[in-house]
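The structure is shown first.

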Amino acid sequence: MDCLICHRSNWMQEKTLGFLRNQLEDYKDKIEDEDVFQPLECSGADELLVRLVREAFLQEEIEKMSECQRRGRYLDLERDSVCETLAVLWNRSELRPKVKGILQKLFDNAFSTPWGEKDEKDLFHDKMMELQNTLKLSDMEIDIMLVSLALQENILCDPRNGRRGGCSSRNLFMIPKCLNITEAALLDIASPKKP
């Protein structure tokens, strides 16, 4: 199966956005890899983010963030990408409650902007359902595979890791966060079952 079809799958998009939402829900650390927000970059996201930031923060706050450099990063609404802007805002923990409100609206926008054609047959979904039926996999086992694929394809990124590539120990941390389960539950699901 062509790996690129998952990048055009509306079903994979919906799953990815759900995984990302779960991942960020309880995440409290700094974002080292700004590409963690990549699934939110879609048509109209740049303009929407600028508007949301201007609605959420006073002009004086925006000016202060634009001047204040922390480790060389400052807010530049006119030039920065969605990922860069969100990382700068997220990394200021005092702003995070407002950032989470902004994220919700960006998620809504991303859900309404499909990766593929709206009426196009979703071959990736069909193949994953065929795989699930053939191997008698549960929905959770399919989701584990999807998160693993998304990490491998850099559709999802580890916010704590500024380097690219799949480090399996980091991915073990990421999978349960994306699925909103514990690491123990993941290990239980992934362990060999006796017939």
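The lining of the second largest pocket comprises six nonpolar, three polar and four charged residues. The model is predicted, with local features requiring pLDDT of at least 70 and side-chain atom pairs pLDDT 80 or more, while totals for chains, interfaces and linings use all residues. Residues are numbered from 1 along each chain as its sequence is written, and side-chain values use heavy atoms, without hydrogens and water.

The volume of this pocket is about 170 Å³. Among its 13 lining residues, Gln23, Asp26, Tyr27, Phe173 and Lys177 are the closest to its centre. A pocket is an open set of points on a 1 Å grid where a 1.4 Å probe fits, with protein on both sides within 12 Å along at least five of seven lines; lining residues have an atom within 4 Å of a point. Helices H1 (10-25) and H8 (168-179) each supply at least two lining residues, and H8 gives the largest share, four residues.

Asp143 lies in helix H7 (residues 139-152). Its side chain forms a polar contact (N or O atoms within 3.5 Å, one able to donate a hydrogen and the other to accept it) of 2.9 Å with that of Lys15. Leaving aside residues up to four places away in sequence, Asp143 touches Lys15, Phe19 and Leu179 (heavy atoms within 4.5 Å).

Two residues count as buried, that is, under 20% relative accessible area with a 1.4 Å probe:

| Residue | Relative accessibility |
|---|---|
| Asp143 | 13% |
| Cys83 | 2% |

There are zero disulfides (cysteine sulfur pairs within 2.5 Å) in the model. For Cys83, the nearest cysteine sulfur is that of Cys157, 8.4 Å away.

Technical notes: Grid points are joined across faces, edges and corners, and a volume is the space filled by probe spheres set on the points. Ala, Val, Leu, Ile, Met, Phe, Trp, Tyr, Cys and Pro count as nonpolar, Asp, Glu, Lys and Arg as charged, and the others, Gly among them, as polar. Buried means under 20% relative accessible area, exposed over 50%, partly exposed in between (1.4 Å probe, protein chains only).
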